[in-house]
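Biologist: I have not looked at this one before. Can you put it up and take me through it?

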Amino acid sequence: MNFQKSQALFSRAEKHLVGGVNSPVRAFRSVGGNPLIIRRGSGAWIEDADGNRYIDLVGSYGPLILGHSHPTITSALNEALNNGTSFGATTEIEIKLAELVKEAFPGMDKVRFVNSGTEAVMSAIRLARGFTGRNKVIKFAGCYHGHSDFLLAQSGSGLMTFGMPTSAGVPEGTVKDTLIAKFNDIESVEAIFREHGKAVAAVVTEPVAGNMGVVVPENDFLKKVQELSHRYGALLVVDEVMSGFRKNFGGAQAEFGVEADITCLGKIIGGGLPVGAFGARAEIMDKLAPLGGVYQAGTLSGNPLAMTAGYYTLKYLQEHPQGYQHLMQMTERLETGIKKAVADAGAPVTVNRFGSMINPFFTSHHVKDFDSASTSDTAAFARFFWGLIQNGVYIPPSQFEAWFVPMIIQEDELDKIIAAVRIALND
Ligand code: PLP
């Protein structure tokens, strides 16, 4: 494979963009080598600057469940574009998207749209603090909730990849109210509640941890977290930025028998444009400005183009339940195929999956939390990554990022991925 044009463009990028990228994981630091520069995408495929084609299992890190340039989304966007790109005023499409989000999350009475997942969780926590009048927040090691200061403590993929326990530039005072528990370890949550009890405003969690690979809650973990939170008068904030709409038309929380007090969304609900959202029952949401005293705002929040891409994506998902059936079949088949390839190669790899999120960890340990995820052999993963690239499959350049299977993937494409996995494991 020839990467000449990608290399040349990346050298140029490095002169003007920090590390040649606008978000760190894209820099390929944990797999070595230079990133590919992507030229275009269509369906399940992307093409780099040299014209090499890959089946894309990154999907822009989650949003593109309908693949690239889906005709429904591009035609809706073209039409919206003709009506203007931003007004700083409410438009009908915001109302329509809010109605649709509420259908998917029946516990929500109201929604606030923002521009990213980071903003969604940051604002949801401010709201939880304003609502409860408390300051402390419990989060789980290895869960990532965006890059707001107080949540940058033990926070998953980007930081695991870089081996940074937290970020420089975050004052100690900012994280002093962030308490870290262990995912899938209810004792660790209970211990914090016992000590800090009535000072805890919220527990924030991904329902399925997707930023230390894919780690599924076990033994009713989420139900127990919800029960503990409520016993101590704290809110349960469920960050579905990644997990939302990945397995069905709705959230992962329902799969695990919990209902968040505040749900955070992003990625898929923007259909590939920058969007985040949070929603809750009216009693909580009405504490937000302009009705309440918790301030939150945004020049481009509810942007008509982003709302349009989100609305038509969700509408498509709602109207195509058979699409989810297909997606589950395809991802199951991928899981079986990888497991068989792993067994045949005798490789110490553990495959975790939730819906259409899947990740092979290069470890023989059962991966159920940050510590077990950290036992992965990242050098072996790096070799595997480049093996896949050489065989036309694009996955995230980090052991600790989920692969996202798009709904439009076809059986022959799946077979290509499994064949590439076999080769890459034996490289
Ligand atoms: N929450 C979760 C669970 C995420 O996976 C991410 C991003 O990957 C975020 C929040 C932050 O979202 P964004 O990158 O849109 O700010």
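Biologist: Where does Pro290 lie?

Modeller: Pro290 lies in the loop between helix H10, residues 282-285, and H11. Keep in mind that this is a predicted model.

Biologist: And what is the peptide bond from Ala289 to Pro290, cis or trans?

Modeller: That bond is cis, and its omega is near 15°.

Biologist: Let's go on to H11. At what angle do H3 and H11 pack?

Modeller: The angle is about 35°, and the axes of H3 (residues 92-104) and H11 (residues 304-319) are 9 Å apart. H3 passes H11 in a left-handed crossing.

Biologist: Which residues make that contact?

Modeller: From H3 there are Ile93, Glu94, Lys96, Leu97, Leu100, Val101 and Glu103. H11 brings Pro304, Met307, Thr308, Gly310, Tyr311, Tyr312, Leu314, Lys315 and Gln318. By class, the contact of H3 with H11 has nine nonpolar, three polar and four charged residues.

Biologist: Now the ligand. Which residues are around it?

Modeller: They are Ser116, Gly117, Thr118, Tyr144, His145, Gly146, Glu206, Asn211, Asp239, Val241, Met242 and Lys267.

Biologist: Which atom of Asn211 lies 3.0 Å from an oxygen atom of the ligand, side-chain or backbone?

Modeller: For Asn211 that is a polar side-chain atom. With Gly117, a polar backbone atom is 2.9 Å from an oxygen atom of the ligand. Tyr144 has a backbone N or O atom 3.4 Å from a nitrogen atom of the ligand.

Biologist: Different topic. What is phi of Asn184 near?

Modeller: Phi of Asn184 is near 65°, which is a positive value in a residue other than glycine. Asn184 has its place in the loop between strand S6 (178-181) and helix H7 (186-196).

Biologist: How do H7 and H8 pack?

Modeller: H7 and helix H8, residues 221-231, pack at an angle of about 10°, and their axes are 10 Å apart. H7 is therefore roughly parallel to H8, as angles under 35 degrees count as roughly parallel.

Biologist: Which residues of H7 and H8 make the contact?

Modeller: On the H7 side they are Ile186, Val189, Glu190 and Phe193, and on the H8 side Phe221, Lys224, Val225, Leu228, Ser229 and Arg231. By class, that contact of H7 with H8 has six nonpolar, one polar and three charged residues.

Biologist: One more pair. What is the angle between H12 and H15?

Modeller: H12 (residues 321-345) and H15 (residues 411-426) pack at about 25°, with their axes 9 Å apart. So H12 is roughly parallel to H15.

Biologist: In what crossing does H12 pass H15, left-handed or right-handed?

Modeller: H12 passes H15 in a right-handed crossing. By class, the contact of H12 with H15 has 11 nonpolar, two polar and six charged residues.

Biologist: Which residues meet there?

Modeller: Among those in H12 are Met330, Leu334, Ile338 and Val342, and the H15 residues they meet include Leu414, Ile418, Val421 and Leu425.

How values were computed
Residues are numbered from 1 along each chain as its sequence is written. This is a predicted model: local features need pLDDT of at least 70, side-chain atom pairs count only at pLDDT 80 or more; totals for chains, interfaces and linings use all residues. Side-chain values use heavy atoms; hydrogens and water are left out. Axes are lines fitted to C-alpha atoms, for helices over the stretch in contact, and angles run from 0 to 180 degrees between N-to-C directions. Helices (H or I, at least four residues) and strands (E, at least two) are DSSP runs, numbered from the N terminus. Angles under 35 degrees count as roughly parallel, over 145 as roughly antiparallel, 65 to 115 as roughly perpendicular and the rest as oblique. A crossing is left-handed if the near helix is turned anticlockwise from the far one by less than a right angle, and right-handed if clockwise. Contact means heavy atoms within 4.5 Å. Ala, Val, Leu, Ile, Met, Phe, Trp, Tyr, Cys and Pro count as nonpolar, Asp, Glu, Lys and Arg as charged, and the others, Gly among them, as polar. A residue is near a molecule or strand if one of its heavy atoms lies within 4 Å of it. A polar contact is a pair of N or O atoms within 3.5 Å; within protein, one must be able to donate a hydrogen and the other to accept it, and residues adjacent in sequence count only if both atoms are side-chain atoms.
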